[in-house]
Amino acid sequence: MPDQQPLQAQDKLAFLLALVPYLIDHERVSVAEAARHFGVPEQRIRRAVELIAVSGVPGETMQYQHGDLFDIAWDDFEQNDMIVLTNLVAIDDSPRLSAREASALIAGLQYLSALPEAADRDAIRSLMAKLSRGAGGAASNVAVGQDLHDAALATIRRAVADGRGLAFEYAGPRTRGGTRRVDPLRVESIDTDWYLRAWDLDRQALRTFRLDRMTSVRVDDRPAEKTIGDVVIPDTLFQQSGGDVIVTVELDCSALPLVADFLADTADAEDADGRVRIRLAASNGFDGVVRLVAGLPGRAVVLDPPAARAAVRAFAEAALAAE
């Protein structure tokens, strides 16, 4: 390949700034492979490597001493056309992730790779490998599992990848199950609970389903009518629909962050006793409200409507009778 026009000074600097991290990341790479990657003649790569080898940062005496310059494996470069950096300058002094920080990021990436919409899993695996290599210490072996949700997540992922609908049996804690037919859109996790955001075909609306309430999850034969690009998914986990009932709940102010995703509107101001009133949008069965109060024993009280108070009372009486 004939050489191209000489690079301007600023272009040459940008090229070198891109080339050095590439060589560091690949550890050992041929001149031909580097030329293909950057789309330049091999001779330009050779000249750039020679320039890198005489570049560096002067020491305290403002004179270049041993270790102040980049260096390469010259024999390998001249005889085999291979590039191996043997001494790095300044770049190695940049802050590096600790082993704990790298492990936390790797755990987060493993979580992302489990989500159906995480299409480029090869890129995620490559990034996890780079984090492991670049940490200031050996990153811990971490694994994020979904336990009982693994099979459901795999089925949801397959439905999204194939552009198919999803069918499953769904039941609340106090209601009989029924078959739901949906177009899967996104899976989310809050604390230890996993939720499916999907377009419900029977209700023609966006709905949220807890994975631990879903059984017999299977890919439907029909093609999906809605994709994640067709539906605006709010930041809050639950949305109010026309058939919902507004329930007023009083709870400790300290518990307010735990229910932020469920609020129908803003919370009232805190009173002198550190209590606050909120309003929740609930279905007629009040299953969500019952779970909320049960999860905050002694900290939440349902005030209105009477049907919601009765649902909580019935749940408590059934729990006491079971003991």
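# Close-up views of the chain

View 1. At 26% relative accessibility, Asp81 counts as partly exposed. Here buried means a relative accessible area under 20%, exposed means over 50%, and partly exposed is what lies in between, with a 1.4 Å probe and protein chains only. The model shown is predicted, with residues numbered from 1 along each chain as its sequence is written, and local features need pLDDT of at least 70. Side-chain atom pairs count only at pLDDT 80 or more, while totals for chains, interfaces and linings use all residues; side-chain values use heavy atoms, and hydrogens and water are left out. Asp81 sits in the loop between helix 4 (74-80) and strand 3 (82-83). Helices (H or I, at least four residues) and strands (E, at least two residues) are DSSP runs, numbered from the N terminus. The phi angle of Asp81 is near 60°, which is a positive value in a residue other than glycine. Most residues other than glycine have a negative phi.

**View 2. The chain as a whole.** The protein chain contains nine helices and twelve strands. Of its 323 residues, 34% are buried. Contact, here and below, means heavy atoms within 4.5 Å. Among the contacts in the chain with a separation of 6 or more, 58% come from residues 24 or more positions apart.

**View 3. Helix 2 against helix 3.** Helix 2 covers residues 31-38 and helix 3 covers residues 42-52; their axes come within 8 Å and cross at roughly 105°. Axes are lines fitted to C-alpha atoms, for helices over the stretch in contact, and angles run from 0 to 180 degrees between N-to-C directions. On the side of helix 2, the contact is made by Val31, Ala32, Ala34, Ala35 and Phe38. Helix 3 contributes Glu42, Ile45 and Arg46. Sorted by class, the contact has six nonpolar, no polar and two charged residues. In this sorting, Ala, Val, Leu, Ile, Met, Phe, Trp, Tyr, Cys and Pro are nonpolar, Asp, Glu, Lys and Arg are charged, and the others, Gly among them, are polar.

**View 4. The buried side of helix 3.** Arg44, Ile45, Ala48, Val49 and Ile52 of helix 3 are buried. These residues cover an arc of only 135° around the axis, so they lie on the same side of helix 3. The arc is taken from the directions that lead from the helix axis to the C-beta atoms.

View 5. Pro223 is exposed, with a relative accessible area of 52%. Leaving aside residues up to four places away in sequence, Pro223 touches Gly163, Arg164 and Gly165. Between Pro223 and Arg164 the C-alpha to C-alpha distance is 4.3 Å, although the two are 59 residues apart in sequence. Ser216 is also placed in strand 9. Ser216 is partly exposed, at 49% relative accessible area, and has a positive phi, near 50°, in a residue other than glycine.

View 6. Three strands form an open sheet in the order 11-10-12, with antiparallel pairing. Two strands pair if DSSP finds at least two bridges between them. Strand 11 (275-282) and strand 12 (300-304) are the edge strands, and each pairs on one side only. On average, neighbouring strands of this sheet are turned by 30° against each other, direction ignored. Eight bridges join strand 10 to strand 11, and four join strand 10 (residues 245-252) to strand 12. Leu251 stands opposite Ala300 in strand 12.

**View 7. Glu250 in strand 10.** Glu250 is part of strand 10 and has Arg277 in strand 11 as its bridge partner. Glu250 is buried, with a relative accessible area of 19%. Not counting residues up to four places away in sequence, Glu250 touches Arg275, Val276, Arg277, Arg299, Ala300, Val301 and Leu303.

**View 8. From strand 12 to helix 9.** Pro305 lies in the loop between strand 12 and helix 9. The peptide bond from Asp304 to Pro305 is cis, with omega near 5°. Most peptide bonds are trans. Helix 9 (residues 306-322) lies across strand 10 and strand 12, and runs at about 145° to strand 12.
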